[in-house]
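Reader: I have not looked at this structure before. Please take me through it by question and answer.

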Amino acid sequence: MKKIVLFFYLTMPFIAYEQTSSQSPSYVITFQTPNYIATPVAGSGLAGITNSDFYTVLNTAFYNLKTVIVPGDTARGWIHLAFTGVAQLSNELDWSGADGSGAAYNQIKLTGMGWSTRINQNTTGKHAFHFFDGLSIVLEDMTIGAGSSAFSAIYCDSSGTHTKISVRNSLFNNLYIVNSSSSYPAIFLQNYFYIRIPYMRVWSNNYTAWINENADTSVSYGNSHFGLLEVACNNPNSPNSAFMIRSINNKRLIDHVTVDNLNIINGYYGLNISDAEAWVFNKLDIETPVQIPIIMGSSTSQNTSYQWAKANSFNNATLLSNTAQPLITAGAKSYGNVFKNALMFPINGTTPIVADSSINNMPNSYDMNIEFPGNPNPYFARPSSTNFSWRSYLGTTNYLVQNSGSFTPTLTNTTNIMLSTLSKATYSQSGNNVHVMVSGNLTPITANTSTVLTLNLPIATTNGSQNYVGQITFANSGGPTFVSGIGTISSTSGIAFQFQPTTNAAGNFNISFDYTTN
């Protein structure tokens, strides 16, 4: 007797029909106490499967589809879980690509009936799903969980024999991922290509929730698109993160991934970018009780030793923290990252809203709206080259100022100078940072004596205490004898340079210094 299967479609009336390959799943798995029953599509040549062990039924159905392409199908096939409630796994679902090619006809689809279809792994030391060897998979409409003694709910790695790609040409959608392991993330995506995730909710109770990793020394993976992601790491202790991107090699990173909307609601770190290049976050919402919303290009104990975060874009980010920590921490190896129209909620007005330690390569750039108390108080290792503009709830603004030109400072012969004259003075301003160059000549009174030349600033500063901000060099024309000295700002309008000439012969001086206007 042929089995009749009932389906209900919102766009058509309730109908009954016999399964055919053009309109039905290759397998429909139902639960009839005490067995799980996999019913194949008519005329497929697939064998039916009945067993009380859910793992056996689902795994057998998958590998049957890898062996037989259903007539009339353009892919390996489709498995539909037509039940609600929890199905326990007795072992790990190790699913590999058919031949590592990721070709369209090798794609396999697994769907449920929404989050009420729940697959759970409680077996010690096992993942729920382990994808590898270039698997092309569609995974939709279910909850996938792993208990405290198990590992990850979804684990995609480079252990394949045909390719180091874990998954490609794949779709994960409307999934609720729950994990309680204290040593594995809820979802681990390594070496992936061309995957789409329109919507996913990821919940980890004891460890970092989501890890993206590049584990290849010659290939940069990524090139994928994520939609709405809701991610939480419910263990707020260091070093756990909600969403992490990392690499094992400093020249091969996961790159060119777009995230439409990332919502992070818990974790010690919110977004932890150890190693990534050219990611685009179009909307980013990181809420308390996250302690450090964004950290990038910086080491944590779950990161690698490379920390290269480069040319990533953050558009319309909203960042909150409930601790006295910077909302953005950019390490020494963060380069060319751009924040546009970020909405910042600092916990106080004294903790730096940004701590940027980037010291070379492309500087980072920031554009921010700052809520109460409205004081950005940033730290930049390269203040003269880091773009920083902001608007605050106080009504104050500091848009990036770009200005340059020549000026005529007044030279003051403060100590041991008979005569000084100006040749040329120029300045350039970028935001709060000003670079100045001055040249001229002077005549010391006495050799080997502390000598001080003072001049006024081209743009006044509110910070009248900036030490060791520049240098003066002096070359006597009668030798020549070359000496140098250090510049110090001790008022809001002037800078003093101290040096010690070796003779009292007249000579030329050159001054170069950088200072901030606040």
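Reader: Which residues line the largest cavity?
Author: This is a predicted model, and it holds one cavity of 30 Å³ or more. The volume of the largest cavity is about 40 Å³. Its lining consists of Ser321, Thr323, Gln325, Leu327, Pro346, Ile347, Thr351, Pro352 and Ile353.

Reader: Which residues have the most contacts inside the largest nonpolar core?
Author: Of the 518 residues of the chain, 55% count as buried. In soluble globular proteins, nonpolar side chains tend to be buried together. The largest nonpolar core here has 88 residues, and those with the most contacts inside it are Phe131, Trp210, Leu271, Trp279 and Met368.

Reader: Which element gives the largest share of this core?
Author: The core in question has 88 residues. Its largest share is seven residues, and they come from helix H1.

Reader: What is leucine 271 in contact with, leaving aside its neighbours within four places in sequence?
Author: Leucine 271 is one of the residues with the most contacts inside the largest nonpolar core. With its neighbours within four places in sequence left aside, leucine 271 is in contact with Phe243, Leu262, Ile264, Phe281, Leu284, Ile286, Pro293, Ile294, Ile295 and Phe314.

Reader: How many residues are in the second, separate core?
Author: This core includes Leu411, Leu453, Ile459 and Val483. Its size is 25 residues.

Reader: Is serine 204 buried or exposed?
Author: Serine 204 has its place in strand S16, residues 193-204. Leaving aside neighbours within four places in sequence, serine 204 is in contact with residues including Asn179, Ala186 and Cys233. Its relative accessible area is 0%, and under 20% counts as buried, so serine 204 is buried.

Reader: How many disulfides does a search of the whole structure find?
Author: Cysteine 156 is buried, with a relative accessible area of 0%. Cysteine 233 is also buried, at 0%. A disulfide needs a pair of cysteine sulfur atoms within 2.5 Å, and the search finds zero.

Reader: What is omega for the cis peptide bond between phenylalanine 372 and proline 373?
Author: Proline 373 lies in the loop between strand S33 (365-370) and strand S34 (379-380). The bond joining phenylalanine 372 to proline 373 is cis, and its omega is about 5°.

Reader: Where does proline 289 lie?
Author: The peptide bond from threonine 288 to proline 289 is cis, with omega near 15°. Proline 289 lies in the loop between strand S24 (284-286) and strand S25 (292-296).

Note on methods
Residues numbered from 1 in each chain as written. Predicted model: local features only at pLDDT ≥ 70, side-chain atom pairs only at ≥ 80, totals over all residues. Heavy atoms only, no water. 1 Å grid on protein atoms, 1.4 Å probe; cavity = no way out; pocket = protein on both sides within 12 Å on 5 of 7 lines; lining within 4 Å. Points joined across faces, edges and corners; volume = space filled by probe spheres on them. Buried < 20%, exposed > 50% of the residue type's maximum accessible area, 1.4 Å probe, protein only. Core = buried A, V, L, I, M, F, W, Y, C linked by side-chain atoms within 4.5 Å. Helix = DSSP H or I, 4+ residues; strand = E, 2+ residues; numbered from the N terminus. Contact = heavy atoms within 4.5 Å.
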